Every structure is written in structure tokens, then in C-alpha cells.
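I record what I looked up, entry by entry, together with the criteria applied.

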Amino acid sequence: MDFAFTPQQETLRREVRQFIAENLNDEIVEEMDAHAGAERPRGPSSEVSALFKKIHERGWLGIAYPKEYGGQDGDRVSQYIVEEEFHRAGIAITLGGSGAPAILAAGTEEQKQYYIPRLINREITFCLGFTEPHAGADLASLRCSAVRDGEDFVINGQKMYTTAAHSATHIYLMARTDRDAKKHDGISIFIFPMDTPGITVRPLWTIQNNPTAPVGTTYGASRTNETFFDNVRVHESCLLGEENKGWRVGAMGLNLDRVGAWRYLISVSRDEDIVNWVKNNQFGDYSPAKNPAIRDKIAELWVEAQVCRLMTMRSMSIVERGDEFTYEGSAEKVWAPEHGVRITEAITQMLGPYTTLLNGSPRAIDNGIFAHNVMGSFQSGINHGSVQVMRDQVARRGLGMPSSRKSTTAGAR
Amino acid sequence: MDVLLDDDEHLISDSARAFLAGECSTKLVREMESDDLGYPAELWQKAAELGWQGMCLPENVGGSDMPLVHLGLVLHEVGRAVAPLPLHSTAVASLTIAHDGTEDQQSRYLPPVAMGETVLTWAFTEVDPRPVPEAVQMQAREQGDGFVLDGAKLFVDNFNAADHCLVVARTTPDSEGEAGLTLFIVDTQAKGISHTPLVTIAKDKQSEVLFENVYVAKEDVIGTPGEAWPIVEDMLDRGTVLLCAQMLGAARKDIEMAFEYSQFREAFGIPIAAFQSVQHMCADMVVWVDGGDLLTYEALWRIDQGLPASVEVSQAKAFCNEKCEAAVRNSQIIHGGIGFMMEFDLNLWFRRVSAWCMRMGTSLDHRARIAHALIDMPGTVVLGRPIPVLVQEDDAVPASASR
């Protein structure tokens, strides 16, 4: 075992920090926030494009992706380090969530050649079209349909919580292509441009809006969307993987999306914040840093945060070895989001009414980030597979326990 | 960065597990609970043939000079088998002699350890059970060519079986805290020593040891008289993290028994493993013990690298205490009434994990140490980066230099 980064990786981290200090500003960070609500042209602004060109020139984008598709043939840990540092600065440089890994694993050569380099340099960004009004945790019960018509598919239906649907260039969509098959067997994945005729995006404003949450809030921000598909016609070349075999492709991408720098940092950022805050602040003559109950709670949560870090490192180690998760990704997706909630709620009891004050309020601490966290931290335990679903997976995949649904049915007979 | 076990580490772990599966039945574990000595001499000897006692001792005393991580893996398996072996207490004492003892002390005390011919232990705790220097009140006054020890130590492991015991006492009258402490190697048969067995939930061997005018020669002092705290702190850190490894091995086996039991125990016509409430308890148990493993291996690894590890050791113990206890308690609940029965083996694990959770510092003790490093030291903390180490600001020697 080895718990250290290599000297090369440490150098890389220093270089990335230096770059961030020299090249990032608030406007870019705001635009990069996927949830930012403003209606604007799809795709990156010229400033963001220029920034990504610079990052790309450093060889820091898609490090673990093959060179032939615009990556660096590098290691997953180095890619993690770059992602962590940019996330700390408030911007995501990951390749649009689960899209890129799924294309790499299941795409045609043509799709890989087209999409991966453009995802890496940010020409293309994906929004995720999985969840529907009636299909969340039980995603395979989705109803959005794609009906074959010659070389095309015609898509009809509705997707929920399509975050960034108003700004992404493309969508990564899961739809039903065979109504008669068993529910997991009739599903396909499509990737296509968001300016395809027949798509309507309607904003859904979260409880993080008005005032808008500061950048860096746990499961930040103000806007997601619902997206309607009304006879949207796409060519069959938009299929990712085989027709009716989309379930596994989608699940695989999601697995990789549940771990990594983003999930880790949204779960632990407040641990750092509260330690550094109590070190440097007090309320009049009262110093929370000297309160034994607060000291104990902070230490307890700090240890939990270390477990978040180590579970992330474990996931990276597994991926880097070329192995598959059995349950480790799901375990991390139980522990880290619930830790995020525990630290958030503990802070409310350390800072009391100050934690009610939102961004822009007089007396708000650190732009109200702790208050906004109260309204958002539990989100991390819901999206991309709820912690309840993740516990099912740990028990069933990790421990070989039987499905409760099947057993209950069998028992009833 | 690869936090998973490598091939060598798997080999050590697998072979220790296979050995104990063959040699250490629960019948033996039960027998040793009421045995006077508390461990089977034959098994202790076989362990020495495998090189366990000498694993991290220098080669010139018959050891194999391997990293502490390897001994952690062995203790993990010892815990898994709840093997009645005095390996932990012997390791705590012998590693301290190996790290901080003189060549003479090493050549006198360590070869019999590696040969499996002796058992060692250590005595730090007194009435105040916290692993902090101010808890040491026992006095040792200089006399002739040695010191005379007076006082009482509590919760001393395997004192009944040990030939020698490392004892921490104050040689500077009226000293406080870290100052004035001295570490002695004491013959357990020396004149003036008496001990009373304590009755523990683990039914293992712990004693209250009384020292009345016990003479110890100067050549049996480890380090400089009055300046033993850094040595003692390292001793406690190694012992604490190795105890975590042992506790995690036992907790892992304990929860595996619950997973297995739930698969064949039926209620309402189906295995209880099919109930989501049971599944979610089990998922939590795995997550907790996995988390403990990662914290513990990181601390062991850092000690092996010569990096500051005090905070990491405390992280591991603070977490393992509460999470291992919760995991084995969940296991009891999943087992229902049968887990409460003495004749059912589960209790052998439950009672030991519970006891180990309470020794070498509670979660509160260790969190106080973490909080001190996090909050009282200057500078900004960043997760994953080194945090300020545990030193007094006026301390000239950084704690890292003592490793």
C-alpha cells in the first residue's frame, strides 16, 4: 500500500495551483457553475473557451483518456489531482459527468473520434437526461420513448432535473426503445445536440435561488430544468451502444460519476471551512474554538472527512489498477454525502442563528455558505443514486444479499 | 498512491489467516478465558516459528525488520481469530526497546522475544485512564546505581504471563505533564511487585500492579532519565494503531458472521437478509469497518515512512472505537436472542471488540488530541495536506524529529 502522491504528482498539484492563481476570476467561475441560471447562448463563452484552451495546452484535460482521442494516456490519480484543485477554485473541469466514460466504453469509433476530444476541450458539454417525473430511483421504469422510423428515431417524453439543459450543447439521454421487452431490456442511450428541433427547456428554480447560493455551496445552486421532447427526430448514429442495451451503458457511466473529486469536495469542504473559521473568529468575547463540545464535534467530523478522502483514494486505486468496483463506489456514495449532511447540521449547532443568514444578508458568515449548505447538503444523498439505493447495492453486490423485492414476491407465493 | 493491499501484503494476511484457521479454534479461545496463563505456549512457539514476534525487530536480534504495516496485517488476523496470544503487548514493549533502547538492552531483551521464549508488556495507565502524560503520577527516586519505583499501574495487559514490563514513572519530583518522565524495563518478578487480576468483559488478562520500593538498575532505563515522553508517546501511538488493526480484524469477522447468519435465518418465509432494514444495517457495518481499515493502514504506513503520524493514529482510534462497537452491536441485533447466549460463539468477538474499544484512549481522548492539532496550531488546514503536528509552540524539537 502507498498513501502518498508521487513527487511528479505533487509537482503537478503545485503547477495547477499556480495556474489557477494566475488565470481564474469570479466571472469565469460563475459561468462555469453548471447551475447558473441565466439564459445565454449554448456552449462556452469566448473567455471560458480561451481558459480551457490554456488548460488543454498544459496537458491537464482528460489526462487519463487515450491520446488518440485527445487525452494524455496518463494516470487516473493525476487527473484526480487536477480535478480536485480546479474544484477547490470553484470550477468543474470533468468531462460532463458520465457521458465521456460511457462513450469511451460503449461508443463507435466514429463517436469516440468526434465526442471525446470535443468533450475534453469543452467544445461539447452534456446535460443528463435520465430522471423523469415518474422514474427516479427506479430509473428503468422510464417512459420517454424513442420509436424507430427508418434510419431515425422519434423521441417523445419528459425529463426532470436536467441540470444545465439550458446551457449544454448536447444531451445524454436514456429512452425506451422497446415497450414490450422487460423494463431493463428495452432501453437505449442517445447523444445528440440540444438545438435539435422539438426540445423545450423550462427552468426549475431550487430553494438555493433568490438569493443565489455562493459558488462552492454543497450541491450549490439555483437552477435546474425540466425538458420536453416533442417528436424530436434524431439519426440512428446518435445511439450510444446497441439498441435496447442502454441500461448497462448508463449504469456504468453513473458508477464512475458517483466517485471522484467533485463528490469528495462537496462532502468535505465545510469541514475545512469551519475549522479555519473558528481558528480566526469569535462572537464578541465568546470563542467557539475554546468550547470543548465544539472541539470534540469538529474532531469527530474531521475524522469522518478523512474517511471520505480515503474512500475516494480507494476508488481511484481500484480504477487505476483497471479493476471494477464491487461495492466500493456505492460505499463511498453512502458515506460521503451523509457526512456532508452531518457536518452541515453540526455547524448549525455551533454557529446558531448566524447559520440562518443567506448570501447578501447583513451578518452572514462567509457569504452565507453555511446557511445555503443547510438547504442543499442533503441533495448529495439524493442525486446519482440515493444513499438508500446505494445501501441496497452494498448489501446485494458487496455482500451477496438477496433482492428484497424478489424474495418478498417469492415469499408471498 | 494505491491504498489497496499489494501482493506481499495479501500473502502475509492470507497466510496468517490460514495458519490461525488451522490452529485456533473457538474451543481453544474459550479454554484460555479460564486458563491461568491465558495463552497456549505451543501456539506462541508456532507463531515465533512464523516470525510474528520478531517481524519488526532488527535482524541482528533474530527479527526480520519488516514494516509495521505487516505486523498490523498479522494483528488484524489475530483479532479475526480472537487468538489468545500476547502478541500485542509483546510488540508494544519490544518495538520500543528496538527503537529507543541501547544496543545492550536490545541484545539482552529482544532475542528471546523473536524466539518466542518470552512475553513482554507495558504499564502506562494509572487511576486517570487517559493516554496523556499528566496521567502518570507514579514516582521513581534515584538510589545508588538505579531508581526505586513506588506506585500503582492499572489495566496492564498479560502481566501474569510477562517476564518484563516497560513502566513509565516520574523521576523528577513535582514535575508535570511531559517533563520528568522516565521509561524503565522492569523484571515482573522483582522484589516489591504484586499484582491483582482484573475481571474484564473480554475475559483476557489484565492486572492492577503495585510497585513498593522496586529497584531498577540504571542500565534498564530506556532513553535519558526525565526525557522519556517522546519515546512513550511513540510507544503509545504504535500500540494504539496496532490495537486498531486487531480490533478491525475481529470486527470484520464478527460482521461477516451476521451477513452469513442473515442468509439462512428465515422470518415470514424469507431469509432476513432479504429485508431492506437488515441490508441497510449490514451496508453500514461494511462502510464503518472499511473506513477504520483505511484510517488504520494510513497511520501504520505513515509510521513506516517516518512521517508524523500522531494525528492519524488518533483519527484511527477515535473512529474505530465507536464504529467497531456499533458494527458488532448491530451484529448482535441481527443475530437476535441467540447472539446473547454464552454457548453461541459470536460473544467471543463481541466482548473483545468492546473491550478493545475502551483501551488506549477513548474516542473523546483522541478527538481532544486531533482538535488540538486542528484548532490550536497556527495556519490554515486543508484536507489531505499535512496539518500542524502536535508540538508545544515553545518546544524546540518538533515531534516529527523523534520518530
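**Entry 1. Domains of chain B**

I looked up the distance between domain 2 of chain B and domain 3 of chain B: their centres, taken over C-alpha atoms, are separated by 28 Å. The assignment for chain B lists domain 1 (7-118), domain 2 (122-227) and domain 3 (230-402); such bounds come from an automatic or database domain assignment. I then noted that 14 residues of domain 2 of chain B are in contact with twelve residues of domain 3 of chain B, where contact requires C-beta atoms, placed from the backbone, to lie within 7 Å.

**Entry 2. Provenance and numbering**

The model is predicted: local features need pLDDT of at least 70 and side-chain atom pairs count only at pLDDT 80 or more, while totals for chains, interfaces and linings use all residues. Residues are numbered from 1 along each chain as its sequence is written, and chains are lettered from A and ligands numbered from 1 in the order in which they are written.

**Entry 3. Strands of chain B**

I followed strand 3 (residues 146-157) of chain B to its partners. Strand 2 (residues 139-143) of chain B runs antiparallel to strand 3 of chain B, and five bridges join them. Strands are DSSP runs of E with at least two residues, helices are runs of H or I with at least four, and both are numbered from the N terminus; two strands pair if DSSP finds at least two bridges between them. I found B:Gln143 opposite B:Gly146 in strand 3 of chain B. Strand 2 and strand 3 of chain B form a hairpin with two residues between them, and B:Gly144 in the turn has a positive phi of about 60°.

Strand 7 (residues 206-217) of chain B is also antiparallel to strand 3 of chain B, to which nine bridges join it. In strand 7 of chain B, B:Gln206 stands opposite B:Asp157.

**Entry 4. Domains of chain A**

I recorded domain 1 (7-120), domain 2 (126-243) and domain 3 (258-412) for chain A. The C-alpha centres of domain 1 and domain 2 of chain A are 23 Å apart. Their contact takes 21 residues from domain 1 of chain A and 22 residues from domain 2 of chain A. Which elements give two or more residues to the domain 1 side? They are helix 2 (26-32) and helix 5 (99-106) of chain A, and helix 5 of chain A gives the most, with four residues. By class, this side of domain 1 of chain A has six nonpolar, ten polar and five charged residues.

**Entry 5. Helix packing in chain A**

I examined helix 1 (residues 7-23) and helix 4 (residues 76-88) of chain A, whose axes come within 9 Å and cross at roughly 30°. Axes are lines fitted to C-alpha atoms, for helices over the stretch in contact, and angles run from 0 to 180 degrees between N-to-C directions. Helix 1 and helix 4 of chain A are therefore roughly parallel to each other; angles under 35 degrees count as roughly parallel, over 145 as roughly antiparallel, 65 to 115 as roughly perpendicular and the rest as oblique. Residues making this contact include A:Leu12, A:Val16 and A:Ile20 of helix 1 of chain A and A:Ile81, A:Val82 and A:Phe86 of helix 4 of chain A. The contact of helix 1 with helix 4 of chain A has seven nonpolar, two polar and three charged residues.

I next took helix 4 and helix 9 of chain A: their axes come within 9 Å and cross at roughly 140°. These two helices of chain A are therefore oblique to each other. A:Arg76, A:Val77 and A:Tyr80 of helix 4 of chain A meet A:Met316, A:Val319 and A:Glu320 of helix 9 of chain A.

**Entry 6. Contact of the two chains**

I noted that 48 residues from chain A and 44 residues from chain B take part in the contact. Helix 9 (292-320) of chain A is one of the helices that each supply at least two residues to the chain A side, and helix 9 of chain A gives the most, with 18 residues. The side of chain A that touches chain B has 28 nonpolar, eight polar and twelve charged residues.

**Entry 7. Backbone details**

I recorded a cis peptide bond from A:Asn210 to A:Pro211, with omega near 0°. A:Pro211 is in the loop between strand 6 (199-205) and strand 7 (223-235) of chain A. A:Arg363 has a positive phi of about 75° although it is not a glycine.

Definitions and conventions. Contact = placed C-beta atoms within 7 Å. Nonpolar A, V, L, I, M, F, W, Y, C, P; charged D, E, K, R; others polar.
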